Amino acid sequence: MNGQRKSDSNKVPTKSPNKAGTKAAAEGMEGKTLTKGNTSQQNTSRTQKAGNDVPSALDRIRKLASQEKGTKFNNLMHHIYSIDRLRKCFFEMKKKAAAGIDKVTWKDYEENLESNLQDLSQRLKSGGYKAKPVRRVFIDKADGKKRPLGVPVLEDKLVQRSAVEVMNAIYETDFLGFSYGYRPGQSQHNCLDALYVALLTCKVNWVMDADIKGFFDSLDHEWLIKFVEHRIGDNRVIRLIRKWLKAGVMVGGLKEETNEGVPQGGSISPLLANIYLHYTLDLWVDHKRKDKSRGEVIIVRWADDFVMGFEHRSQAENFLAELQERMRKFSLELHPEKTRILEFGPYAVNNRKRREQSKPETFGFLGFTHIVGIKRSNRMYTVFRRTIGKKMRAKLTEIKQEMRNRMHHPVEDQGKWLKSVIEGHNRYYGVPGNQHAMMVFRFAIGQLWWRTLRRRGNRRKLPWKKMKRFVDLWLPQVKLHHPYPLRRMGVIT
């Protein structure tokens, strides 16, 4: 598991994930070897009993990955096919998750769990494991389009979860601090807070709201493997990743080959996406923003959706042109309709008023519209965050359809379900300053419920006065679940 350590004279000092922007790292993002590292590793777990090395093995990997940034890990596969780790990952899976093309559910697999895990582990060990095609399904997006998702078979999900656990021990020491998406211990609100604090405390006058077009469908497999090989020298793990990439997709009973991209829905896909963007975007941006002679630069990224802030407009425009060229080099493209530069920051209101322009533009990120604002108390610049209207309308449409399906259910059952919906909405959108949008959402739910009940049998004349009792009884009041970002980020940092 552990790589052999370099001599003290060649030892690379431990770095925080926020500091990885060195010349070597900048060269590495072009697909070159970061450092020679070590190609031989010791299997330190052979003297340990099975079941006792699950946490400690990852700790040793994590420690070595943090201390020696150039180390390649050449002996990882036995951690992935460890029966103890596979069992642990199995019980962490969703029991009611959709089945893949083999129609095997969590319950089916559990019936003979130990023999199934023994067989799976042996196939992984001997190289006899084969990845199956994913089942393609489509879900509705807020803009009316369809998002393709891939549903792997249960065994593929299980092995991917095991691989992600092991690989995360390495890559969590490499990923930079402004990358938040699908990482252990990080949430969308961590990302939103970081953006809010950066917009308020850094010299940001222009914002680039960026989105990569069809990112998960466009990843270049060969570039991805090159990036993975910077840290993983175990050819068995590389072959495993290739199997998942080349497994194909089942659409309407026919198998389609996959020569690029990773299917959204697989456990391994978010990690592979973060690895790809770590080398193509994060290290590159981090290297360039260290030169502050042209102005300050901030960036916050959640998967393929990221926001950047700049001090000067020319700086933002030049950066966008360079970024478009860099994306093309790695078979990616910035979405032409969703990527734009807009005036933002403490001077945006007065500058636009002086030029006789309208109010500053807004941008959406992780479900919230971000708006340049002025505090009433002290007339100071702030950033308001509101629920994106399009997302709220889409959610209400979804609830309206579900209420029709539940029209003849008991009122108590309907109330319990709507209560859970609003509580979930409050937990995510309950940020300071968003109370009005949350009250609008709650009121709209109450109106939808009222109309639904009035359609039942002879209850068309259900008066609002009586309906209000149901609303007050079952629909939770607006509640803030998140503190001001400056307060929370102050505690964290």
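**Loops, cores and a helix pair**

Guide: Glu-356 sits in the loop between helix 14 (348-354) and strand 11 (363-365). Keep in mind that this is a predicted model.

Visitor: What is the phi of Glu-356?

Guide: Near 60°, a positive value in a residue other than glycine. Most residues other than glycine have a negative phi.

Visitor: Is Glu-356 buried or exposed?

Guide: Exposed, because its relative accessibility is 75%, and the cut-off for exposed is over 50%.

Visitor: And Leu-366, where is that?

Guide: In the loop between strand 11 and strand 12 (368-374). Leu-366 also has a positive phi, about 55°. Leu-366 is buried, with a relative accessible area of 11%.

Visitor: New topic. How many residues are in the largest nonpolar core?

Guide: 81 residues. Ile-275 and Phe-306 have the most contacts inside it. Helix 12 (residues 269-289) gives the most to this core, with 11 residues.

Visitor: What does Phe-306 touch?

Guide: Leaving out residues up to four places away in sequence, its contacts include Met-208, Leu-281, Arg-301 and Phe-365.

Visitor: Which residues does the second core include?

Guide: Ala-198, Leu-199, Trp-302 and Phe-368 are among them. That core is separate and has 31 residues.

Visitor: Now helix 7 and helix 11. What is their packing angle?

Guide: About 135°, with the axes 12 Å apart. The two helices are therefore oblique to each other. Their crossing is left-handed.

Visitor: Which residues of helix 11 make the contact?

Guide: Leu-240, Ile-241 and Trp-244. Helix 7 brings Asp-156, Val-159, Gln-160, Ala-163 and Met-167. By class, the contact has six nonpolar, one polar and one charged residues.

How values were computed: Residues are numbered from 1 along each chain as its sequence is written. This is a predicted model: local features need pLDDT of at least 70, side-chain atom pairs count only at pLDDT 80 or more; totals for chains, interfaces and linings use all residues. Side-chain values use heavy atoms; hydrogens and water are left out. Axes are lines fitted to C-alpha atoms, for helices over the stretch in contact, and angles run from 0 to 180 degrees between N-to-C directions. Helices (H or I, at least four residues) and strands (E, at least two) are DSSP runs, numbered from the N terminus. Angles under 35 degrees count as roughly parallel, over 145 as roughly antiparallel, 65 to 115 as roughly perpendicular and the rest as oblique. A crossing is left-handed if the near helix is turned anticlockwise from the far one by less than a right angle, and right-handed if clockwise. Contact means heavy atoms within 4.5 Å. Ala, Val, Leu, Ile, Met, Phe, Trp, Tyr, Cys and Pro count as nonpolar, Asp, Glu, Lys and Arg as charged, and the others, Gly among them, as polar. A nonpolar core is a set of buried Ala, Val, Leu, Ile, Met, Phe, Trp, Tyr and Cys residues joined through side-chain atoms within 4.5 Å. Buried means under 20% relative accessible area, exposed over 50%, partly exposed in between (1.4 Å probe, protein chains only).
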